[in-house]
Amino acid sequence: MKKAIIIGASSGIGKALAEVFSRNNIVVGLASRRIGLLNQLKKDLPSESYVKAIDITNTGHAMEQLCELIKEMNGVDLIVINAGCGYINPDLDFAKEIATIEVNVSGFTAMLNVALRHMCSQGFGHIVGISSLSALRGGYDAPAYSASKAYVSNYLEAVRIRVKKEKLPITVTDIKPGFVDTAMAQGEGLFWVAAPEKAANQIYRAILKKRKHTYITKRWRLIAWVLKIMPEWIYQKL
């Protein structure tokens, strides 16, 4: 892996992952709505980096901008789709629900579309999508978020099956973080909250190993196993 793009690189996991990549001599493309934060990050990175303002809610323009960034970098080996949105929203405020869907469903799909077409055209590559442990079950306090992350995981699985059927050497990785100390970690009683740097290091190792899916941090595999087998009548009482 020599060149990578991170969509959603201005803060949190994306920023920490850019720092990990750069320390490992990977040329990094930094994409986000917040161009000022990207320019500051670019100054701090030791390796060569590129910056592109991309608002994935404007899907058509975002796809064009991602294509431009890939061209400016003369192709890339890896694209990480990290941009995400979510709200604690038990009252189903529609503005918050639709904002989540625009980013996590429409925006994610647009970015993956460009990423997959690029990888298919060059005949190899790696696509990483940042989903969530919330993808495993519906969340009453954040319904659009959990549903949208289930979409992310299922879409990644579908793409993985497609490239395998076509016998293309393209890896598709689904990353499911638990709680990470970012703006996305909302609510009370949070536990096992990982620093973004720790999460990024584990994601980097999963990428190197070409994992199909992984939980971040590793201990969340236990919670995932419990969630998958838990009867609905118990889950409803949580």
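Is Tyr-155 buried, partly exposed or exposed? Tyr-155 counts as partly exposed, at 28% relative accessibility, where buried means under 20% relative accessible area, exposed over 50% and partly exposed in between, with a 1.4 Å probe and protein chains only.

This is a predicted model, in which local features need pLDDT of at least 70 and side-chain atom pairs count only at pLDDT 80 or more, while totals for chains, interfaces and linings use all residues. Residues are numbered from 1 along each chain as its sequence is written, and side-chain values use heavy atoms, with hydrogens and water left out.

The structure holds three aromatic pairs, a pair being rings of Phe, Tyr and Trp (its six-membered ring) with centres within 6.5 Å, called stacked if the planes are under 30 degrees apart, edge-to-face if over 60 and tilted otherwise. The rings of Tyr-151 and Tyr-155 have centres 5.5 Å apart and planes at 40°, so this pair is tilted. Both tyrosines, Tyr-151 and Tyr-155, lie four residues apart in helix H5 (residues 143-165), about one turn of the helix, helices being DSSP runs (H or I) of at least four residues, numbered from the N terminus. Ring pairs also join Phe-108 to Tyr-151 and Tyr-155 in a cluster.

The relative accessible areas of several residues are set out below.

| Residue | Relative accessible area | Class |
|---|---|---|
| Tyr-151 | 28% | partly exposed |
| Ile-101 | 34% | partly exposed |
| Cys-85 | 12% | buried |
| Cys-120 | 26% | partly exposed |

With a disulfide taken as a pair of cysteine sulfur atoms within 2.5 Å, the count comes to zero disulfides. Cys-120 is in no disulfide, and the nearest cysteine sulfur, that of Cys-67, is 13 Å away.

How values were computed: Helices (H or I, at least four residues) and strands (E, at least two) are DSSP runs, numbered from the N terminus.
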